[in-house]
Amino acid sequence: MTIEDRIKALGYTLPPAPSVGGHYHMSVICGNLLYISGQAPCRSDGTIILGCVGDDMTIEEGYDAARQTALTMLATIKSEIGSLEKVKRLIKVLGMVNCKPGFGQQPQVINGFSETMAAVFGEQNGKGARSAVGMILPRGMAIEVEAIFEIEV
């Protein structure tokens with residue numbers, strides 16, 4: 001089963017890959033490492049899921065937005081390197097949750113991203129090192145995630 005077949009079997013659909021929103025590269029390859037710039041939770045129509053988790057979004061809604069961020073990142077990877085089959089494993093994740101001071105459940109929210117990657121690439125290759133932090137994110141987006149992957153070159 002290919003990675004894209006697994007994504008479909010899980011009931012997921014990749015959104016369109018987002019375009020660069022500033023003066024940076026969407027990805028950088030260094031050796032066999034693929035660095036993916038911060039990704040937002042993009043819906044199929046290209047809109048971004050906005051909100052402040054713990055304020056106008058529940059933890060469950062934040063989790064769902066983090067899962068959508070994983071799908072956005074997969075679309076970006078496919079667009080950037082041509083095939084998800086080139087991904088060997090997830091190395092490192094920085095998950096950022098739009099929340100107010102005092103909110104402390106960022107790890108539970110970012111599990112939406114992490115559990116999706118594990119479902120897509122398998123428990124061993126889809127689970128990497130991770131940080132989950134809270135902050136104010138640009139344009140009010142609910143989640144932003146950047147990651148590093150090992151790829152076949």
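Reader: In which loop does Tyr24 lie?

Author: Elements are DSSP runs numbered from the N terminus, with helices being H or I runs of at least four residues and strands being E runs of at least two. Tyr24 lies in the loop between helix H1 (3-9) and E1. The model is predicted, and local features need pLDDT of at least 70, side-chain atom pairs count only at pLDDT 80 or more, while totals for chains, interfaces and linings use all residues. Residues are numbered from 1 along each chain as its sequence is written, and side-chain values use heavy atoms, with hydrogens and water left out.

Reader: Is Tyr24 buried or exposed, or does its value fall in between?

Author: A residue is called buried under 20% relative accessible area, exposed over 50%, and partly exposed in between, using a 1.4 Å probe and protein chains only. Tyr24 has 37% relative accessibility, so this residue counts as partly exposed. Its C-alpha atom is separated by 8.3 Å from that of Ser37, which is 13 residues apart from Tyr24 along the chain.

Reader: Where is Asn32 found, and which residues is Asn32 in contact with beyond its neighbours in sequence?

Author: Contact here means heavy atoms within 4.5 Å. Asn32 is found in the loop between strand E1 (27-30) and strand E2 (33-39), and, leaving aside neighbours within four places in sequence, Asn32 is in contact with Phe149, Glu150, Ile151 and Val153. Asn32 is partly exposed, with a relative accessible area of 31%, and its C-alpha atom is separated by 9.6 Å from that of Lys88, 56 residues apart along the chain.

Reader: What does Glu152 touch, and where is its place in the chain?

Author: Glu152 is placed in the segment after E5, and, not counting residues up to four places away in sequence, Glu152 touches Glu85, Lys86 and Lys88. From C-alpha to C-alpha, Glu152 and Val87 are 6.5 Å apart in space, although 65 residues apart in sequence. With 47% relative accessibility, Glu152 counts as partly exposed.

Reader: What is the phi of Arg139, and in which loop does Arg139 lie?

Author: Arg139 has a positive phi of about 55 degrees although it is not a glycine. Arg139 lies in the loop between strand E4 (129-135) and strand E5 (143-151), and its 62% relative accessibility makes Arg139 count as exposed.

Reader: How many disulfides are there, and what is the nearest cysteine sulfur to Cys99?

Author: A disulfide is a covalent bond between the sulfur atoms of two cysteines. The rule applied here asks for a pair of cysteine sulfur atoms within 2.5 Å, and by this rule the count comes to 0 disulfides. Cys99 is in no disulfide, and the nearest cysteine sulfur, that of Cys52, is 6.3 Å away. Cys99 counts as buried, at 6% relative accessibility.

Reader: How many helices and strands are in the protein, and why is the protein called as compact as a globular protein of its length?

Author: The protein holds 3 helices and 5 strands, which run α-β-β-α-β-α-β-β from the N terminus on. The radius of gyration is 14 Å, close to the 15 Å that the globule rule gives for 153 residues, so the protein is as compact as a globular protein of that length. That radius is taken over C-alpha atoms, and the globule rule is 2.2 Å times the number of residues to the power 0.38. Along its principal axes, the C-alpha trace spans about 40 × 35 × 30 Å.

Reader: What share of the residues is buried, and what share of the contacts with a separation of 6 or more joins residues 24 or more positions apart?

Author: Buried residues make up 41% of the 153 residues, and residues 24 or more positions apart account for 81% of the contacts with a separation of 6 or more.
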